[in-house]
Amino acid sequence: MQNRPAIVAVGRTKFGEHYGKEPEKLIEEAWLKASNEADIERKDLEACYLSDYFLPITNKLGLEEGFLSELTELHVPMEVTRSFSAALLTACHAIQAGRYNVMLVGGLEKMTDRWDKIRDDLMLLEDPWSYYAGCTPEANHELMLRAYIRKYGITGENLEKLNVALAQVAVKSHSNATKNEYAQYQRKITVEHVLNARKEARKPLGLYDFAPISDGASALVLTSEELAKKLTDKPVYVLGCSSATDYLDFPAREDLTHFIASKIAMKNALKMTGMSPLNIQLIELYDQSTVMEMVSLEDLGYCNEGNAWKTIYGSCQDYKGYYDLAGKKLFVNLNGGLKADGNPLGATGGAQIFEIFKQLRGEAGERQVTSDEELKYGCTLELEGFGTKSYVSILERE
Amino acid sequence: MSSEPIERRVSYLGDRLKGSRCQICGKEYFELRDYCGNCGRKSFGKMQDVDLFYDKGRLEICTLVNEPTNKFTKLGNYFYGIISFHNGRIRVPGRLTDRMVKCDEVIDFSALEGREVVPRFRRRYSVNKSDVIPTISLAFTFADEYYPHQEYTIADSSKEYDAPGIVGYGVYTSRFRIKEGNLERSVPFLDEDAITAAVEAGKLALIHSGVDSSLVGKIYVGSESNPYAVKPIASKVAQVLKLGEEDEDVQGVDAIDTEFACKAASSMFKDAASLVNYPKSGIKYAMVIGADNSQAAPRGCPGGELDLFVGYGGSAFIFGKSDVIAEIEGWYSCTSDTPDFWRRDGEPFPMHGGRFTGDPAYFKHVRKAAKKLMERLNMQICDIDYFVTHQPNVQFPVKIAKELGFKEEQYLPSLKVNKFGNTYSGCSPVGLSAVLDIAKPEERILITSYGSGAGSDAYLLVTTNQILDKRQRQKLTIKHQTENPYVEYVDYTLYRQLKLGM
């Protein structure tokens with residue numbers, strides 16, 4: 001990427017249930033953290049891109065930009081997208097085009113206020129025809145798993161291993177989240193917890209296979225390469241970012257076992273960087289469910305199709321903090337993933353970037369990982385809907 | 001659904017399961033499309049409509065939903081999955097209906113996946129009492145269970161008759177029954193009501209008749225349990241079954257609902273027959289449907305005695321002068337202002353006049369209609385092969401049949417109240433269907449309906465040779481529905497819950 005957009009500071013709130021906090025308090029908190037870190041003033045901002053999936057619906061807020069203007073007392077260009085990665089992508093384009101030099105990218109969501117209606121909202125927005133037919137946000141993940149099992153003919157002992165592997169995904173995420181002060185669930189769970197919840201629900205996936213609903217916000221300061229070097233010693237560059245789309249209607253998609261949008265987004269992002277997946281050892285996947293994490297490992301090219309569960313199973317028998325890809329370490333969802341860190345839709349992608357940023361700069365504290373090779377690159381995958389949109393961002397530290 | 005236009009668009013596509021096929025590359029889509037994604041601009045004008053309404057699909061994959069979204073909570077636990085049509089060229093989401101997943105049921109998804117399914121026209125989900133009732137055909141049942149898959153093949157008519165008559169018919173009852181003593185009664189599933197029964201019955205009549213639905217110029221739906229006080233069932237039937245010529249999204253058909261307690265449908269037989277017989281009507285076929293989710297107050301409450309007899313179902317008849325299976329030889333109707341049974345506007349359940357419903361009501365009118373018609377046509381009891389009458393309970397039809405002089409072999413074949421209960425507007429038509437299912441050519445059928453309020457219509461029908469030709473087209477016969485191993489029996493509490501619906 002020419003004129004690499006650079007992230008100079010990140011900030012976020014704890015994810016979880018913020019009953020007492022208004023949405024604007026959450027974004028304020030995340031923004032303050034990021035701006036303090038970069039020593040940026042509001043007046044320095046040339047544009048703000050904010051992401052938020054639900055507020056226009058839940059709060060009937062038609063023009064969120066105005067709300068943001070009130071909050072920041074700014075009159076600069078502002079746009080609202082539905083995912084953090086979408087905001088980041090648009091901001092990157094603006095920086096690359098030389099239009100702006102300093103931008104705020106933020107994301108927020110307040111889901112728990114609407115706990116009793118949120119599943120209807122999510123489902124209707126995600127895939128209306130499926131909603132009309134009786135689908136739930138969880139059912140599509142389960143159908144994807146059923147389709148996967150049938151397509152790859154996984155039976156008997158292998159099927160048992162796959163089920164355990166998916167449980168291990170959740171166990172791993174919860175374990176990672178114990179070291180994340182911002183995570184919604186900072187407690188460990190066991191494979192038995194996951195398996196028992198499925199047994200109780202009498203379906204392929206149970207309570208512990210799914211990410212929760214959350215409140216939270218995240219923010220970052222994005223600048224041009226030139227300015228970044230003045231603001232920090234350790235800028236993190238957005239080396240490649242790309243997005244792709246797919247049908248709203250999950251049953252109508254050609255492949256029910258993978259997210260074609262993720263495959264395309266990753267391919268294009270890699271093309272921008274000239275790298276192969278294995279150059280990247282740090283990834284934050286969009287694990288709305290354990291199945292999504294498994295399938296995404298294949299979509300992004302880390303495992304062959306139909307095989308990711310073997311990698312997970314093999315790595316988690318004696319989990320050392322990474323998935324073992326034939327001797328190569330792959331660190332996945334170090335912040336606990338959506339599963340344990342939380343999933344406030346509009347802010348989730350920001351937390352993924354936050355994690356990669358901190359890890360690449362060696363500032364992840366207790367969670368900091370090291371590798372034999374230098375940790376230079378990280379990647380995030382964020383989805384909108386059930387794979388209707390997919391965003392891949394590849395980051396590089398100075 | 002808060003917006004009626006949105007509801008209208010979703011229903012328009014979802015009720016009939018409309019899709020498109022690209023005539024260039026063959027790609028198929030659920031929902032109507034003007035062009036194909038593969039072929040782009042050159043496919044404009046080359047997209048063909050695809051209709052999945054009479055098709056069968058395959059349940060590809062499924063899961064259990066045990067925490068539905070809010071609008072589906074009344075359905076409890078259900079199976080939900082992806083259904084493919086045309087060897088996977090079209091895939092749609094779908095809920096398995098008519099199936100209550102019990103708390104202790106051992107679930108094996110692979111035993112359900114891969115099986116053939118047929119679409120059912122049902123209520124979509126729960127809404128507020130004042131809202132438009134959403135419907136959809138993205139509900140499915142297994143093709144090897146209660147409802148078999150039936151192809152709809154339009155047949156060219158081969159013979160014209162002098163007198164109009166019945167060209168085809170169909171009876172739709174639910175898979176669920178309540179059994180108390182010797183009496184079995186059909187019970188709707190939660191997503192069924194008078195509207196869904198009317199559509200399903202009409203669909204069966206089209207299948208049996210082989211009549212091109214675009215030639216049906218009038219549809220009458222008789223019901224006393226229309227969930228709407230204002231909004232016809234007939235318009236839904238016309239749209240979903242594509243009655244009359246379709247122009248854009250409007251059907252060239254006259255549709256009207258009728259109400260006269262249990263004779264709301266049978267009363268219109270003569271109107272339908274007259275209409276197709278009128279040379280300048282331009283109407284080749286007319287359809288009459290009687291459908292009810294027969295209401296009754298709970299036992300112990302005023303009017304609760306009815307709760308022992310009420311059933312659920314619909315029956316549909318197509319009248320015309322081509323390929324007739326039973327010609328109408330004549331009719332007689334009588335009416336008096338007799339308040340033996342009524343339901344005030346806004347009240348959920350009807351009231352009745354107790355003993356007053358017998359002699360001065362049911363018997364008086366049925367007796368008069370039957371006798372007058374026989375007199376008029378100069379018929380004797382021995383000239384009649386089958387006698388059909390309204391069946392509010394088991395005793396009334398037997399008593400009047402005997403009084404008129406009919407023998408068991410003449411009236412028992414039509415007696416189905418002990419299998420389905422009193423299906424109100426659909427009741428005597430169900431009896432007629434039971435007879436048409438077994439009648440030989442050149443047999444005479446006398447049918448007397450009864451509607452409280454009160455009146456009776458008597459018709460004399462004579463079957464033709466074509467009754468045999470069309471018989472194999474209908475798999476969902478009365479016998480199929482009464483002797484079906486997939487019938488599920490429910491207890492009283494569940495029966496009340498199911499009748500209230502979503």
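**Exposed backbone exceptions and contacts between parts**

A:D39 counts as exposed because 12 C-beta neighbours lie inside 10 Å; a residue is exposed at 12 or fewer other C-beta atoms within 10 Å of its own, buried at 20 or more and partly exposed in between, with C-beta atoms placed from the backbone. The model is predicted, so local features need pLDDT of at least 70 and side-chain atom pairs count only at pLDDT 80 or more, while totals for chains, interfaces and linings use all residues. Residues are numbered from 1 along each chain as its sequence is written, and chains are lettered from A and ligands numbered from 1 in the order in which they are written.

A:D39 is not a glycine, yet its phi is positive, about 55 degrees. The residue sits in the loop between helix 1 (23–38) and strand 2 (47–51) of chain A; helices (H or I, at least four residues) and strands (E, at least two) are DSSP runs numbered from the N terminus. In chain B, B:N87 also has a positive phi of about 55 degrees without being a glycine, and it lies in the loop between strand 5 (78–85) and strand 6 (90–96). B:N87 counts as exposed, with 7 C-beta neighbours inside 10 Å.

Between the chains, 25 residues of chain A are in contact with 29 residues of chain B, contact being C-beta atoms, placed from the backbone, within 7 Å. Helix 7 of chain A gives the largest share of the side of chain A that touches chain B, 6 residues.

Within chain B, an automatic or database assignment gives domain 1 (4–17 + 52–142) and domain 2 (160–500). Their C-alpha centres lie 29 Å apart.

Key: Contact = placed C-beta atoms within 7 Å.
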